[in-house]
Amino acid sequence: MFFLKELPSRRILENYKSRFPEMNVASVEGALKLMHRASMLIRRIDTYFSAHDFSQLRFLICIVIHRDPEANGLTPSGIRERIDVSKPVLTRTLQSMAKAGFVEFEKLENDKRAKLVILTDKALRKLQELLPGYYSLLDEHMATQEEDDG
C-alpha cells in the first residue's frame, strides 16, 4: 500500500532526474499520483466495510462467488484464482465466514476431498446491504478524481 501523504513536487522529481538521467519525470509523477489515488480509495473502502462490520476480503470472496450465476459456488482454489490472497489467509477467512454464517461448505461428488464454498442467505443479504454504498463510494471517488484532473 502507498502511504505518502505528500507527493514529491515536479521540482524534486526533476532534481532526481539530474542524478538519474534515465528517469522519465512525467511517467514517475503519473505513477506516483496513480498509486496515491489508489491508496486513498482503498482506505475509503476499508473504512466503509469496517463500518458495516465486514472486510474487503470477505466482500471480494462473496463477490467472486456471487458473480457467476451459473455456478452453485466455488472451490477455495477457484476463489484464489480470482483474488490475490494466500492459501492460509483464505482458509482462515473462509473458516471465520462459515462461523459467522456467511458461507457453507459442500463436498463435491466427483472429489470427496474438495469442497464447494456456497454463499448463505445471510451473505446475499449482506451483499445487498453493501453494494449500493460501495458503488456510490466508487462513483464519488471517480468524480472527485475527474475534478482534480480537470
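Which residues touch the most other members of the largest nonpolar core? I began with this question on a predicted model, in which local features need pLDDT of at least 70, side-chain atom pairs count only at pLDDT 80 or more, and totals for chains, interfaces and linings use all residues. Residues are numbered from 1 along each chain as its sequence is written, and side-chain values use heavy atoms, with hydrogens and water left out.

**Entry 1: core.** I found 28 residues in this core, and Phe49, Phe59, Ile61 and Ile79 touch the most other members. A nonpolar core is a set of buried Ala, Val, Leu, Ile, Met, Phe, Trp, Tyr and Cys residues joined through side-chain atoms within 4.5 Å; buried means under 20% relative accessible area (1.4 Å probe, protein chains only).

**Entry 2: Phe49.** I looked up the contacts of Phe49 (heavy atoms within 4.5 Å). Beyond its neighbours within four places in sequence, Phe49 meets Phe54, Ser55, Gln56, Phe59, Leu130 and Tyr134.

**Entry 3: overall form.** I noted six helices and two strands, taken as DSSP runs (helices H or I, at least four residues; strands E, at least two) numbered from the N terminus. In order, the elements run α-α-α-α-α-β-β-α. The protein is more spread out than a compact globule, because its radius of gyration is 20 Å, well over the 15 Å that the globule rule gives for 150 residues. This radius is taken over C-alpha atoms, and the rule is 2.2 Å times the number of residues to the power 0.38. The C-alpha trace spans about 65 × 30 × 25 Å along its principal axes. I also recorded that buried residues make up 31% of the 150 residues.

Terms used
Buried means under 20% relative accessible area, exposed over 50%, partly exposed in between (1.4 Å probe, protein chains only).
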